[in-house]
Amino acid sequence: MPDSLQEKEYSKAKLIGFCAQYFSQNGQAPLAYVHSFGCQQNVSDGEKLKGQLADIGFGFTNEQTQAQLIIFNTCAVRENAEDKVFGTLGDLKHFKEQNPETIIGVCGCMAQQKHIADKIKSTYRQVDLVFGTFAYNEFYQMLWDVIANKKRVLNISESSFEISEDFKQIRDDKLRAFVPIMYGCNNFCTYCIVPYVRGRERSRKPQAVVEEVRQLISEGYKEITLLGQNVNSYSYGFAELLREIDKIQGKFRIRFMSSHPKDASRELIDTILESEKICKCLHLPVQSGCDRILKAMNRHYTKVQYLDIINYAREKCPEFSFSTDLIVGFPGETYEEFCETKELVKQVKYDNIYSFVYSRRSGTKAAEFEDNISDKQKGLWLRELLLEQREITSQWFSRYIGKTVEVLVEGEGRTGEGYLTGKNDAGVIVELEGDKKYIGEFVQVRITKAMNWALAGELVEDK
């Protein structure tokens, strides 16, 4: 350890030196463990944190007990995600006592909430560093204060900042990449904490996004997912951005999420259908099939308006693929209103649904609503919805039987030895028998079977 760590002035060069001395392990580079909970945006943020750490000499490990720096990048969307973090922090108390120089940090959406940050600071004394979603630009300074000045640091400032394009990213996946195009949200759905922890919408310049995608394609990435809380409100025109990315040379796919129904336009559908590389599918979170509940959620559309964009896409392409998010048991929801959601699911025929029991979020408007539905009842409704979707998926997936689809092979399959798994253009899982040499490649697959979770098929090899 350095003789004198009480330094006032931070510099990156000094931080590199301090880290090398403070975490010295027989001359080896210090190791960091970075784990991201929650959405793809969190995964992308975690990759940028790893990029910052790599720049100051850290290597990485998948084992907490081998790391000299442990960071949990957290999610605040649902209560169970927060419970997992608290449980993990509790488990680390004994480890910290035995390894006092190991630094433990908590960041991200959960940490941005003051009551959560205060709880971590007071209850989990083993945590050295807590910072929210606005503080990534200050990460080096915060780490300096922990190491050099022996401080416990809490930074949940809410000041907005210019989007930096200087972050290096250490991506775990070498086949698929997440590319944020905007941050924050302006919608304030009554159940959602995101606008409070991510701030207002801020869009990246289109030139920066296009250049990042072009670089990723040159590095061999085959699938790019553009990210935003509401990509349709991208400041510089989302359909135009998609068209520019579609022009990039190379063999790759473009996906994106999430697309808010109130801003989903016919221009967006036309852009998807007219493109070469944009996947012919749309994740369009409806949340509920009941107009009264949608109004209580502050979603700014009705069921009829939602169905208008569905019907427009299906008129142009009858097999156009949709997926959605659904909340079961919103405060005040009746069983009859829940059944309206089930009917919508039947009507749309989603390839996939992501359904969750309502989770109360402190600080949101819905947290103040009377909620007289028991957790047990909500669970029964959720099960009912999932059983309905299982039947729909089995029938709807049968449209692929006998057809040949393009599949990006992602790895070894679940079916058994010698099988591979990947996804087609619509994002549907496809299992096929084949050699591991095809992993990371686009292949043609003739579909022979439809299940309620995936398709099965046989490789159509070039002759």
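Where in the chain is L175 placed, and between which two strands? In this predicted model, select L175 and the answer is on screen: the residue sits in the loop that connects β6 (153-155) with β7 (176-180).

**L175 and its surroundings**

L175 has 11% relative accessibility and therefore counts as buried, since the cut-off is under 20%. Next, display its contacts, setting aside neighbours within four places in sequence. L175 then touches Y221, K222 and E223, together with L408, V409, E410 and G440.

**The cis peptide at M257**

Remain at M257 and inspect the bond to S258. The peptide joining M257 and S258 is cis, with omega about -5°. Most peptide bonds are trans. S258 belongs to the loop between β11 (253-257) and α11.

**α11 against α13**

Proceed to helix α11 (residues 266-274) and select helix α13 (residues 303-316) with it. Their axes lie 10 Å apart and the helices pack at about 30°, which makes α11 roughly parallel to α13. The crossing is right-handed. To see the contact itself, show R266, I269, D270 and L273 from α11, which meet D308, I309, Y312, A313 and K316 of α13.

Colour its buried residues: Y306, L307, I309, I310, Y312, A313 and R314. Among the elements covering them are α11, β13 (321-328), α14 and α15.

**α14 against α15**

Two of those covering elements form the next stop. Select helix α14 (residues 335-348) and helix α15 (residues 375-396), whose axes come within 10 Å and cross at roughly 15°. That angle makes α14 roughly parallel to α15, and the crossing is right-handed. The contact involves Y335, F338, K342, V345 and K346 on the α14 side, and W381, E384, L385, E388, Q389 and I392 on the α15 side.

**Helix α2**

How many of its 16 residues are buried? The count is 12, so the helix is mostly covered. The buried residues are Q41, N42, S44, D45, G46, E47, K48, L49, K50, G51, Q52 and L53. The length can be checked in the viewer: at 1.5 Å a residue, the 16 residues of α2 (residues 40-55) should span 22 Å, and the end C-alpha atoms are 23 Å apart, which agrees. After α2 comes G57, with a positive phi near 100°.

Most residues other than glycine have a negative phi. K150, in the loop between α7 (139-147) and β6, has a positive phi of about 55°. F188, in the loop between β8 (182-183) and α8 (194-198), likewise has a positive phi of about 55°.

**Confidence**

Finally, colour the model by pLDDT. The mean for the protein is 93, and 96% of its residues reach 70 or more. Residues 1-5 stay under 50; for this stretch the model has 14 contacts beyond four places in sequence.

Definitions and conventions. Residues are numbered from 1 along each chain as its sequence is written. This is a predicted model: local features need pLDDT of at least 70, side-chain atom pairs count only at pLDDT 80 or more; totals for chains, interfaces and linings use all residues. Side-chain values use heavy atoms; hydrogens and water are left out. Helices (H or I, at least four residues) and strands (E, at least two) are DSSP runs, numbered from the N terminus. The expected span of a helix is 1.5 Å times one less than its number of residues. Buried means under 20% relative accessible area, exposed over 50%, partly exposed in between (1.4 Å probe, protein chains only). pLDDT is the predictor's confidence in each residue, from 0 to 100. Contact means heavy atoms within 4.5 Å. Axes are lines fitted to C-alpha atoms, for helices over the stretch in contact, and angles run from 0 to 180 degrees between N-to-C directions. Angles under 35 degrees count as roughly parallel, over 145 as roughly antiparallel, 65 to 115 as roughly perpendicular and the rest as oblique. A crossing is left-handed if the near helix is turned anticlockwise from the far one by less than a right angle, and right-handed if clockwise.
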